[in-house]
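I opened the model today to look up a handful of local features one by one. My entries follow in the order in which I looked things up.

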Amino acid sequence: MNRLNFFLLFLAFLAMNTRAQNMSVQGTVHDSTGTQPVMNVTVMAVRIRDSLLLDFDRSDARGQFEIGGFPIDTFTLIFEHPYYDEKTYFMFGNEDNKDITISSVRMPSKSQEIEEVVIYAYKDPIYYKGDTLVYVADSFQVAEGAVVEDLLKKLPGIDVDKDGKITSQGQQIGKVLVDGDEFFGDDPTIATKNLGADGVDEVQVYEMENDQGIGGDDEKIQVLDLKLKDDAKKGYFGRISGASDFALTPVDGEIGTNPFYEGELLLNKFSGAQKISVFALGSNTPRTNFGWGDMKKFGLENETTSGNRWMPGATNNTSGIPQTITAGLYYSDKFGKKKQHKIGFNYSYYNNYLDARSASQSQYFLSDSSYVTDDSTRDVTRSESHRFNINFESKLDSLTTLVIRPSISMDFSEVTNEDISEFFNSDSERTLGTDIRNFNDSKGLTINSSVILRRKFKKRKRELEFRYDFDLDTNNTVGELDSRTTFFINGSGYTDTTLQSKLNDNFNLTHAAQIVYVEPLGKKFQLQFEYLYRYGLSRMNRRTYDFESATQDFTNFNAVLSNIFDNTRQQHRTGIELKYENSKHTIEGGMRFRNINIDNVNLITDTTISQNVNNFLPIFRYTFKQSMSKRFSLKYRTSSAQPSINDLVPVPDNTNPNRIREGNPDLLPNYMHNLDLGFNNWSTLSGQYVYAGIMGTLTDNAFSTSTEYDEFGRTVSKTVNVDGNMSLIMYSGAGLPFLGRKIELRPQISASYFRTISYIVGAENVTDNYAITPQLDVNFNLLPDSLEMGTKASYSLNNAISSLSEAASTPFSVQTYGAWFDWRLPKGFMIGMEGTYTKNAQPGDGFYDTEFFVMNAELSKRFLKTQNLEIALVGNDILNQNVNARREVQSNIITDYRTTIISRYFLLKMTLRFNNRKMKEDDYTGFH
């Protein structure tokens, strides 16, 4: 903690030495007679050289205002009020004229002259256009050449986490668009981390229907739309960068064996509606950045759910060094006499290699006994993906629109897994040891396509939509299992060996068609009718062969571990919904009726389990807009999901012989009740905002687990239906700016409660998991052109209570404290640093307890006339303390993960930026 205290003192010293040269303006606003104070006059300081909004305020009931905190500059001071003409002063700041007091500002009366009208359009920095929240980008100061992500972090109510996920007023942004179109498919970070902030005119946030699927819950998603300036739609820009440590970082105690490197190429060309972009990324650093939509692209979804394996969406790789190559091409354009046709195409290539190692300790609590396992895992993954996406949209006439969206992906992967485990009984005696090795070679093909035909009519709000979706997913996997189990009995042991070859062929096909008709009933009511038909077929062909010593080959067919299984689903759904809407209230209510006919066919035994399920699915939504900046919403909806074919197939999966899973063909679809309450309130001028919400879920026929244990602690489990699983999540946050946004407090708090029901050796186990996390971020924007800094602190307390065993109820906590600063110095120098102290704790001594302090830093210098050449020295985990430690609690299992990782390294990085405007470009993002 001494290092952290010193770091905070250093930040405070910087703050005290950078405030002396700021300007301030204060005064009182009166009416045209100079006798009556005027309230709610907008006062704005706009820098003359680039029209940047430096600060703003509104006069109070006494007509008083105060702005300031910005560096000495020349600017216009503008006074606006709807009942008076605009008043403007030109302010020339200097050392002797930096604190200005205007005793009386007389607002001129509204002019009656109409011979000439001159409008000076200084937009509010934040305003509403209908239901769309609009941020005027130039009103928020960022470093020259900053990327869009840096701009978003400046916008009140917008938050960007370390993985690039974006929230607006506490609600997650589901899609990022550029001028209304997707930019490089579904990965929003391609736009936010690569497009320049100076090319953005407006940032718009609004809701839109989630049209990525058919037959779902029809929930709307939050969209962030980047509207580019006209000059940013013409020309080109890009950058080339490379970095290396020249193999000077020790790996496994040796220098020169594995050089760290990062490389990047980005080219963008815009001309009106035509956009062409090319990018390529290559890296093997532990903090390789991947967008939060990349898990499926890399075929690593399974790697995020077990043990301490690598999380593709994380900023820091926690257990291994990845080698990644990513490349893509994006093209979009409009054509036709009236530009009524729009075509978009993108291709992405992903290649990844990862050698990840982890260790964990798990405790299994039963009603009368307990087990402990120590596990060591190594995964070597090679994956390759090709993604093609096309989006065609055509206005057939003024009322009819056709949308066609086909996409194809091809995935290839090789995964080698080795898991070494030791089992101990409640007396700490070793009972079992296993060495399990799996190798899988997979090839997959996915085809998705949708056709949407929308028809509007001359009668306002009357609409008809037809949609057809086709989805095909195939996967072929060839695998081998080599498992060796040693049993320890009376001090001696014997070994059992399993050698098997596994062939898995999976096939999924879905056809879906939906028709929706909307009929307005007067000006405030509308009625919606819908019908959906969906047909789905899933087939799993699993074949297992035992090793035959006589032939030295896998020739002995194992019927117990083999099966061919079909799952056929037909769904009919019809519904009606009534909507009422006025300027403040929106009320929607409806009912759907759904029939699902399911046939689970075991083609080996020629047996069929048929199910026919009927559901009523009510929907209710209410939104109250007290004003454009204050909203309350209530949503209730019901939904139902089908079990996966892996949960249905009645064949044991012994990929991990210690944790065998069986299918359950009797599974029923679940039924979920979802309730969502939300409140948002923000002030566009002050930047102050507050949000709060509650999300609750109650699930009947929930998918849970029934687990049986043998005498050593090995398990056999299957998915079962249970009633009563529930969750409750509460959250709240605020942004509280002070001193003209020079200081901003961002308090947050979240609390959650999860109840899950499972069965352990036939007994019902109810697990209640409680968690609460308060957090406080403080950002200092003391000198926007040179110095920014901040601090952060959070404390998370978790406690899971199991009805099966009190010993499984072990509370634990995670404390995080940190600080950061970005300092831009004269002559093109930049310094950035961040430090984070983390402490994991549990009662008593344990595997989970750990604390560490991680410090990262960057020093850079810019060259050339445009300063577009940058050389930087980047240091990661300078104190070499970073470890990966976390805890998971599931049912009757507590698992602690702790892994020492390759952390400290230094890179020498060179970046060249270019554009057709011959202007300065800079994408230094710092540590915020």
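I began with threonine 373 and listed what it is in contact with, contact meaning heavy atoms within 4.5 Å. Leaving aside its neighbours within four places in sequence, threonine 373 touches Ser360, Gln361, Ser362, Tyr364, Glu422, Phe423 and Arg659. The model is a predicted one, in which local features need pLDDT of at least 70 and side-chain atom pairs count only at pLDDT 80 or more, while totals for chains, interfaces and linings use all residues. Residues are numbered from 1 along each chain as its sequence is written, and side-chain values use heavy atoms, with hydrogens and water left out.

I placed threonine 373 in strand β21 (residues 370-397); strands (E, at least two residues) and helices (H or I, at least four) are DSSP runs numbered from the N terminus. Threonine 373 has a relative accessibility of 1% and counts as buried, where buried means under 20% relative accessible area, exposed over 50% and partly exposed in between, with a 1.4 Å probe and protein chains only. I also noted that its side chain makes a polar contact of 3.1 Å with the side chain of aspartate 375. A polar contact is a pair of N or O atoms within 3.5 Å; within protein, one must be able to donate a hydrogen and the other to accept it, and residues adjacent in sequence count only if both atoms are side-chain atoms.

**Strand β5 and its partners**

Strand β2 (residues 42-47) runs antiparallel to β5 and is joined to it by 6 bridges, strands being paired if DSSP finds at least two bridges between them. Across this pairing, threonine 42 stands opposite glutamate 80 in β5. β5 also pairs with β6 in the antiparallel sense, over 7 bridges, and there isoleucine 78 has threonine 88 of β6 as its bridge partner. With 2 residues between them, β5 and β6 form a hairpin.

In the loop between β4 (64-71) and β5 I looked up isoleucine 72, which is partly exposed at 24% relative accessibility. Its C-alpha lies 5.7 Å from that of asparagine 22, although the two are 50 residues apart in sequence.

**Aromatic pairs**

How many aromatic pairs does a search of the whole structure find? The search gives 17, counting rings of Phe, Tyr and Trp (its six-membered ring) whose centres lie within 6.5 Å, with planes under 30 degrees apart called stacked, over 60 edge-to-face and the rest tilted. Phenylalanine 79 and tyrosine 89 make an edge-to-face pair, 5.8 Å centre to centre with 80° between the planes. Phenylalanine 79 lies in strand β5 (residues 74-81) and tyrosine 89 in strand β6 (residues 84-92), so this pair ties together parts that are 10 residues apart in sequence. Phenylalanine 79 is buried at 0% relative accessible area, whereas tyrosine 89 is partly exposed at 24%. Tyrosine 753 and tyrosine 770 form a tilted pair, 5.1 Å centre to centre and 40° between the planes. Tyrosine 753 belongs to strand β38 (residues 743-760) and tyrosine 770 to strand β39 (residues 763-783), 17 residues apart. I also recorded that ring pairs link Phe65, Phe79 and Tyr89 into a cluster.

**Nonpolar cores**

The largest nonpolar core has 33 residues, and those with the most contacts inside it are Tyr135, Leu152, Val203 and Leu224. Such a core is a set of buried Ala, Val, Leu, Ile, Met, Phe, Trp, Tyr and Cys residues joined through side-chain atoms within 4.5 Å. Among the elements that each supply at least two residues of this core are α2 (148-152), β14 (200-209), β15 (220-228) and β34 (689-700). Apart from neighbours within four places in sequence, leucine 152 is in contact with Ile158, Val160, Ile166, Thr192, Val203 and Leu224. A second, separate core of 21 residues includes Val41, Ala45, Phe70 and Tyr84.

**Positive phi**

Most residues other than glycine have a negative phi. Asparagine 40, not a glycine, has a positive phi of about 65° and is found in the loop between β1 (22-30) and β2. Lysine 461 likewise has a positive phi, of about 75°, and lies in the loop between β23 (430-456) and β24 (463-489).
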